[in-house]
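Please read the following walk-through with the sequence and the coordinates open beside it, moving from the overall fold to single residues.

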Amino acid sequence: MFLIFALITLLGALSLAFHRNLVVAGLCLVLTFFGVAGLFLLLANPVAAALQVIVYSGAIVVLLLFVIMMLNSHQEEAAQGPHRLQRGGAVLVAVVLGGGALKLVLGSPLLRKLNAAAGPLPEAMNLERLGQSLFQEHLLAFEIVGLLLLAVMVGAVALVKRDL
């Protein structure tokens, strides 16, 4: 399962980096966030997984896509002719390197030792432990982030509403 979620995360991040269309890149960011949420589930942390999906995939990406569509200042570049030899060579190199890396990882003695020595899963994170951690151990950081988000929101409103 780890390899599946790791591949989802990596493919989403790589496609995000190489897409020219900003809206499609934002949707690839959603795919990356879902992969990270799956990794959180494997770490026995369903609270972080749910927050990853709700906060990042829901709110942040919607905000990014809204800003991209509102500005709409990007210009599409003219399409170039296909470079079949270059694309074929790149696909061949990627397949060879990916296959070699997969063979090395799956045949690794360290991976076999880790699988054999895998102990019990860590204790699952719940909302009570998360709240205690936020409001006892990290209260100052939590308050600073809240003030920073307030300042960003006021700045965004001031930029959009110039006639205030």
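**From fold to residues**

From the N terminus on, the elements of this chain run α-α-α-α-α-α-α, in a model that is predicted. The secondary structure therefore comes to seven helices and zero strands, where a helix is a DSSP run of at least four residues. Of the 164 residues of the chain, 14% count as buried, the limit for that class being under 20% relative accessible area.

Two packed helices are described by the angle between their axes and the distance between the axes. For α1 and helix α2, which covers residues 22-42, the packing angle is about 160° and the axes lie 8 Å apart. Because angles over 145 degrees count as roughly antiparallel, α1 and α2 are assigned to that class, roughly antiparallel to each other. The handedness of the crossing of α1 and α2 is left-handed.

A residue pair can be followed along with these helices. L11 and C28 are separated by 17 residues in sequence, while their C-alpha atoms are 8.5 Å apart in space. L11 is found in helix α1, and L11 counts as exposed because its relative accessible area is 54%, the cut-off for exposed being over 50%.

Next comes the loop between α2 and α3 (46-71), in which A44 is found. Most residues other than glycine have a negative phi.

The surface, finally, carries a nonpolar patch formed by M1, F2, L3, I4, L42, L102, V105 and L106, which together have about 780 Å² of accessible area. The elements that give two or more residues to this nonpolar patch are α1 (2-18) and α4 (84-106). One of the patch residues, L102, is found in helix α4, and L102 counts as partly exposed because its relative accessibility is 45%, a value that belongs to the class between the buried limit of 20% and the exposed limit of 50%.

Terms used
Residues numbered from 1 in each chain as written. Predicted model: local features only at pLDDT ≥ 70, side-chain atom pairs only at ≥ 80, totals over all residues. Heavy atoms only, no water. Patch = residues over 30% accessible without salt bridge, like charges linked within 9 Å, V, L, I, M, F, W, Y side chains within 5 Å. Areas by Shrake-Rupley, 256 points an atom, 1.4 Å probe, with all protein chains shown as cover. Salt bridge = Lys/Arg side-chain N within 4 Å of Asp/Glu carboxyl O. Buried < 20%, exposed > 50% of the residue type's maximum accessible area, 1.4 Å probe, protein only. Axes fitted to C-alpha atoms, helices over the stretch in contact; angles between N-to-C directions. Parallel < 35°, antiparallel > 145°, perpendicular 65-115°, else oblique. Left-handed = near helix turned anticlockwise from the far one by under 90°.
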